[in-house]
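Here is a short briefing on a two-chain model. Look at the sequence and the structure first, then read on by topic.

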Amino acid sequence: MRLKKSAVVIATASLLALAACGGGGDSGPSDVVPSQGEGGGAGAGKVPDMQGPAAVPDDAAEGGTVTIETLQSPFTFDPTRAYYTDSTSIMSLVTRALTQYVYDPDSNDMVLAPDMATDLGTPNEDNTEWTFTLRDGLKYEDGTPVKAEDVAYAISRSFAIDELPEGPTYQLQFFKDGDKYKGPFKEKGKLCSCVTVDGNDITIHMSRPFPEMDYYASFPVFTAIPQAKDTKEEYGNHPLATGPYMFKDYKPGASLTLVKNPNWDPATDPGRIQAVDEWDFHFAQDQAKFENTILSDNGDAQTTLTYDNITPPTYKKISQDDPDRLVTGTSPCTYMWYLDMTKITDINVRKAIGYAYPYVDVWKAGGEIVGLTRVPGTAILPPGTNGRQEFDVLGIKGENTDPEKAKELLQQANAMGFEIKFLYATDDPLSVAAKDQVVKGLEAGGFKATPIASTINKIREARSDYDSPINVRSSGWCSDWPSGGSWFPAQWDGSLVGLEGMPNQANFKEADADAKQKEILSMPADKVPAAWGEFDKWMQETYYPAVVVGYSGTAMIRGSKIGGMYNDAVRGMPTFANMYITK
Amino acid sequence: MAQSAMESVSEQTMGLPDPKKDAEIAGRSPLQIAMTRLRSDKIAMVCLAIVIFFFLIGIFAPLLAKAFGVEVRGGDPSTDTDIFNFPVIGPPDHPFTWQAPLGLAPNTGDDNLAEWLYGARTSLMIATISTVGSTVIGITIGLIAGFSRGWLDRVISFVIDTFLSLPFLLMALALAPIITLRFANQPSVLKYAQVISLVCILTFFGWMTLARLIRGEVLSLREREFVQAAKVMGVPTRQILRKELLPNMVAPIVVSISLSLPAFVAAEAGLSYLGIGVIGVPSWGQTVNKAVDYFDTYPLYLYAPVVGIFFLVVALNLLGDAIRDAFDPKTRR
């Protein structure tokens, strides 16, 4: 899954990392140590028999309006195109999918539960056919019933990547005819042959085994869209609601108002409640302003929240004044420095970069709160992922920079003064500050550092350009579901080298790695996650194509009257489906 | 003010009276009169002292930084900041220390005093160069436009109007990324390219008012007898412009300089605040940009550059006003 839009920018900007929550200093207020709290993960658990209705907590008041302030503006609300974490999270209030993630208070993690389907789907023996059964009693906001054909249409619609770009694309790789079918618009209303409908049963046929379809079915793509009411590009301005809330007013880039959907039946939904009357989203707001509003906690601010990670000064104030209003947790993203395998060919040089990289300095200069919004790590798969292995190729815990060791390796490789070229955005002060630290760190480690200037608007384009004069790329990746299956085939497959948009950012193309990946994809479903964990370790040990510069974390604040706000560890967003206003 | 004409008249008509009396009355040019009036203006003198003070800071920034034992961009985030990314010494959480008299910057741990001293230097350097540049351009174009009749005057006036109609901020916003991307691959060049481009932007958008002013003055002077006389005598145009017209326009030029300096200081800070000024060089505007989030948790971080900009701009503006008053024969204070 893609990072929230601005987070991508920050990733490139502050392309760097953090050290243990140390630093503290002898007399500082270091009795508070940043921590993401107990539990947390990435939603690997499954509860196939969860039943509705979800219980409304005792302290929930009737009605009220929750205001959400954010500096981002979601890219789209078209269920087929929603791929950024903010869009998919807000969509979960409006459009239901076949499965959903539900917050589990015991583990403080999300678990996969049924949504419009009665269970998590039934695969055939070799995972090439998945059958989901639609519940009875599902209705759209206009009162018309939801039919299995509508889900089939929604799935078909996701193949129309020319008309509706930027959505998830696993269906093209895994579904039958995914390489041929071009969506209902080009095919004159014909649906994809990969979906067949029988009464309430929806069967999806695969071209190759797809053991993780139940996770993928939680994406808004797998909602229901009546073919007659599809307005193509316009649909994202008012998607038909199947969930507890529906669109009342949407001004793209500015605001969104959701009101109760009277045709939503709580008995059919194990994961959502309908306690508040209205959700008011305000997009593209000034962060310092709304952080201070929420901190003040007066009047309407008591029912206001933000899903943006807070800034260090706000973190300091809230942890002194009212730590209860701080919601923290994990989110399944890994920031990396992708080392261009075609330009940095010696593994000793690549490892030397890992030793020289000034993790903590870069994180702090980039405005990250070490241990909270940026957590050190060494495996590419983030914590909470199924089958993930802990390993440490460099032995510096992903945070203890060692310039001496870097120099030693460079000398071995006979590459002292190797030139590292990386991008930064001149119009983002945090990016500039982080860049200064990278330069300092690399030079201490015996490298020559050449920062290449770019701007916030241009940096993504420059990063995904094969001809850019850079040899490392700072970016990251988030889980689409908590298994390596949403990581390695999407970023580390040799066949991706040369594709538009540069999905394989390290230009990593090794025959033995590709062979291993192919082998894993054909394994039985239960062995797959562990195999990906093993592959992660093997790849970093053998090739070290990326410096892991920390995992993302979530630190959001809320007004005192908001209840049920936890961290959605799958997306790093608030658990909107559980939220209410307290009495 | 037809200076040369008046002088020749006074010498002839006054004759040779008592030499003692002569010393008391005569011998004061309009410039001298203005300077006397300026010297007696207390506010102007205080402002002048402040301006000189800032210029000294700018000129001797490296020495001052050394004297305080601070250096630019010398921070180490992992040892100089705590878990909240706030500095581990000095304000806001710890008592004053001479190690960092203005404290350290949050996140990076860079020294604020060093940043402030060099910021003054950047500010004044850019403002001074831009002022000189725009004044030279303004005078030249104004003189030529005013003295040349017909099509050349019309063309130049059209150019002036065109430049005046270009929105300065939009042009600056549009040019900044172009410059950044043009020199993206040469970090060492980029630093200077940004300073030079900023100076150019400020210069190119700062000369029009003076040019118009000069043109108007020239229009009113060129028909006067001393200019006509010079022409009749066959004095070359260049010399008429330099020797006859320019000396009569010292007042508007001085006033224009003294008022555009503070405008450029403010513009430089404003552009840096918007992230399109100089990058990688200490600048008050950049510090303000970074410090706004800390207005209540770490006020000193924000106030240091704000106070710097405030005093410099107010002092320069008041000084400019005083100079204008001093040069204007019609005001009596």
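In this predicted model, 40 residues of chain A are in contact with 35 residues of chain B. Contact means that the C-beta atoms of two residues, placed from the backbone, lie within 7 Å. Four elements of chain A, namely α7 (312-321), α9 (359-365), α11 (429-444) and β16 (448-454), each supply at least two residues of the side that touches chain B. That side of chain A divides into 20 nonpolar, 13 polar and seven charged residues. Here Ala, Val, Leu, Ile, Met, Phe, Trp, Tyr, Cys and Pro count as nonpolar, Asp, Glu, Lys and Arg as charged, and the others, Gly among them, as polar.

**How to read the names and values**

- Residues are numbered from 1 along each chain as its sequence is written, while chains are lettered from A and ligands numbered from 1 in the order in which they are written.
- Because the model is predicted, local features need pLDDT of at least 70 and side-chain atom pairs count only at pLDDT 80 or more, whereas totals for chains, interfaces and linings use all residues.
- Helices (H or I, at least four residues) and strands (E, at least two) are DSSP runs, numbered from the N terminus.
- A residue is buried if 20 or more other C-beta atoms lie within 10 Å of its own, exposed if 12 or fewer, and partly exposed in between, with C-beta atoms placed from the backbone.

**The two chains overall**

- Chain A has 15 helices and 22 strands.
- Chain B has 16 helices and zero strands.
- The C-alpha trace of chain A spans about 70 × 55 × 40 Å along its principal axes.
- For chain B, the C-alpha atoms fill a box of roughly 85 × 55 × 30 Å, again along principal axes.
- In chain A, 58% of the 583 residues count as buried. In chain B, buried residues make up 41% of 333.
- Of the chain A contacts between residues at least 6 apart in sequence, 76% join residues at least 24 apart.
- In chain B, residues 24 or more positions apart account for 73% of the contacts with a separation of 6 or more.

**Helices of chain A**

- Helix α8(A), residues 347-356, is largely enclosed by the rest of the structure, because eight of its 10 residues are buried.
- Among those buried residues are V349(A), R350(A), K351(A) and Y355(A).
- They pack against β13 (326-339), α10 (403-412), β15 (419-425), α11 and β18 (546-557) of chain A.
- K518(A) sits in helix α14(A), residues 511-521. K518(A) counts as exposed, with 11 C-beta neighbours inside 10 Å.

**Strands of chain A**

- Strands count as paired if DSSP finds at least two bridges between them.
- One open sheet has three strands in the order β1-β4-β3 (chain A), with mixed pairing.
- β1 (45-46) and β3 (99-104) of chain A stand at the edges, each with a single partner strand, so one side of each is left without a neighbour in the sheet.
- Two bridges join β1(A) to β4(A), residues 109-114, and these strands run parallel. K46(A) stands opposite L112(A) in β4(A).
- Elsewhere, six bridges join β9(A), residues 245-251, to β10(A), residues 255-260, in an antiparallel arrangement. M246(A) has V259(A) as its bridge partner.
- Three residues lie between the strands of this hairpin, where G253(A) takes a positive phi near 80 degrees.

**Helices of chain B**

- In helix α5(B), residues 61-68, A61(B), L64(B) and A65(B) are buried. They cover an arc of only 100 degrees around the axis, which puts them on the same side of α5(B). The arc is that of the directions from the helix axis to the C-beta atoms.
- The face of α5(B) turned away from that side carries the exposed residues L63(B), K66(B) and A67(B).
- Cover for the buried residues of α5(B) includes α4 (42-59) and α7 (112-147) of chain B.
- G320(B) lies in helix α16(B), residues 299-327. G320(B) counts as buried, with 22 C-beta neighbours inside 10 Å.
- Leaving out residues up to four places away in sequence, G320(B) touches V255(B), S258(B), L259(B) and P262(B).
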